[in-house]
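User: Hi! Could you walk me through this model? I have a few quick things to ask.
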Amino acid sequence: MTTRDRLALIGISTLAVLGLVWLMLVSPERKEASTLSSQITQAKEQLSKAEGEAASARSAQARYSAAYASVVKLGKAVPPSEEVPALIYQLAQASNQRHVEFNSITTGSSAAGATAASASSTTAASAAAGGAFTQMPFTFVFNGSFADLYHLFRQLDQATARTSSGGLHVSGRLLTLQGMKLQPQSNASGGGLSGTITATAYVLPASAGLTGGSTPAAPASSATGSTTAASGSAPTSSAPPAVVTAGATR
C-alpha cells in the first residue's frame, strides 16, 4: 500500500469517526437544545400571560370596593324589599324643600283625570318592566300653592332621567310617574291646591339578591369558596335591559 493510499484511508477513517461522533453526541444535544429553547419560549409566554392576569386581578381588586359601593347605592333605587318607610322619607324630604304638605300615600293608583307623565318616566317604566321587577303602584297627595306643587312635580319627574348612553340616572328611589292632577282643596282658603300623583316604584324579584352573596371584602365566589354565585343571586333573565346609575337624593 502506497503512502497516498494510507493517507486516503486515514482521512476516510477520520471522517467516519467524526460522523459517528456527530450522530452519537452532537446531533442529540442539538435536538435537545432546540426542544429546551421551545420550552423556554413557551414558559416565557405563560409567564407573560400570568403577569397580565395578575395585573388585571390587582386592578379589579382595587376597583372592587368602589363597585360594591355602587351596587349598594343602586339598591336604594331598586331595593330587594318594599322599603316603604324610606320612600315616604324621600317624598317628605322633597316636599319640605318645596314648602309643600305631604298629605297622604296609598297603595294602588287611579288614572281618573290624570295627565300623561313625561317621556322620561315612560321610558323608565318600559326599562323596569323589561327587567321583570316587582311593581308597586302608589298614589301620593300633596297640598300647596300652584308654583310649589309645580316645582315638586318637576323635581320628582326629573329624578329619573335617560342618559346619552341609553341608561337611566336615578336620584333616590326609582319612580315612574303615570299621571298628575291638580284640584282645589275643599277645606282650604287662599287658593290652596291639592296635587295627586300616580306613580310606580320597583322592587327586585323575589329570586334576586342585591349583591348575590358578595360582601364588602370579597365577591360571592371568594366569600363562599365556590365559583358558583350564592342561591340568592339574580338570574340573567332578571337583569334590567338599561344601565341604571344612582345619584344623590335631592
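Analyst: Happy to! Helices (H or I, at least four residues) and strands (E, at least two) are DSSP runs, numbered from the N terminus. This is a predicted model, where local features need pLDDT of at least 70, side-chain atom pairs count only at pLDDT 80 or more, and totals for chains, interfaces and linings use all residues. Residues are numbered from 1 along each chain as its sequence is written, and side-chain values use heavy atoms, with hydrogens and water left out.

User: Thanks. Where does Glu-83 lie?
Analyst: Glu-83 is in the loop between helix H1 (3-77) and H2. Its phi is positive, about 50°, although Glu-83 is not a glycine. Most residues other than glycine have a negative phi.

User: Is Glu-83 buried, exposed or partly exposed?
Analyst: Glu-83 counts as partly exposed, at 36% relative accessibility. Buried means under 20% relative accessible area, exposed over 50%, and partly exposed in between (1.4 Å probe, protein chains only).

User: And what about the phi of His-99?
Analyst: His-99 also has a positive phi, about 60°, and is not a glycine. His-99 sits in the loop between H2 and E1 and is exposed, with a relative accessible area of 65%.

User: New topic: how many aromatic pairs are there?
Analyst: A search of the whole structure finds two. Phe-102 and Phe-142 are stacked, because their ring centres are 5.0 Å apart and their planes are at 20°. Rings of Phe, Tyr and Trp (its six-membered ring) pair if their centres lie within 6.5 Å; planes under 30 degrees apart count as stacked, over 60 as edge-to-face and the rest as tilted.

User: Which strands hold Phe-102 and Phe-142?
Analyst: Phe-102 lies in strand E1 (residues 101-107) and Phe-142 in strand E3 (residues 134-144), so the pair ties together parts 40 residues apart in sequence. Phe-142 counts as buried, at 0% relative accessibility.

User: What about Phe-138 and Phe-140?
Analyst: Phe-138 and Phe-140 form a stacked pair, 5.8 Å centre to centre with 15° between the planes. Phe-138 and Phe-140 are both buried.

User: What's in the largest nonpolar core?
Analyst: The largest nonpolar core has 21 residues, and those with the most contacts inside it include Phe-140, Phe-142 and Ile-197. Such a core is a set of buried Ala, Val, Leu, Ile, Met, Phe, Trp, Tyr and Cys residues joined through side-chain atoms within 4.5 Å.

User: Which element gives the largest share of this core?
Analyst: That is E7, with five residues.
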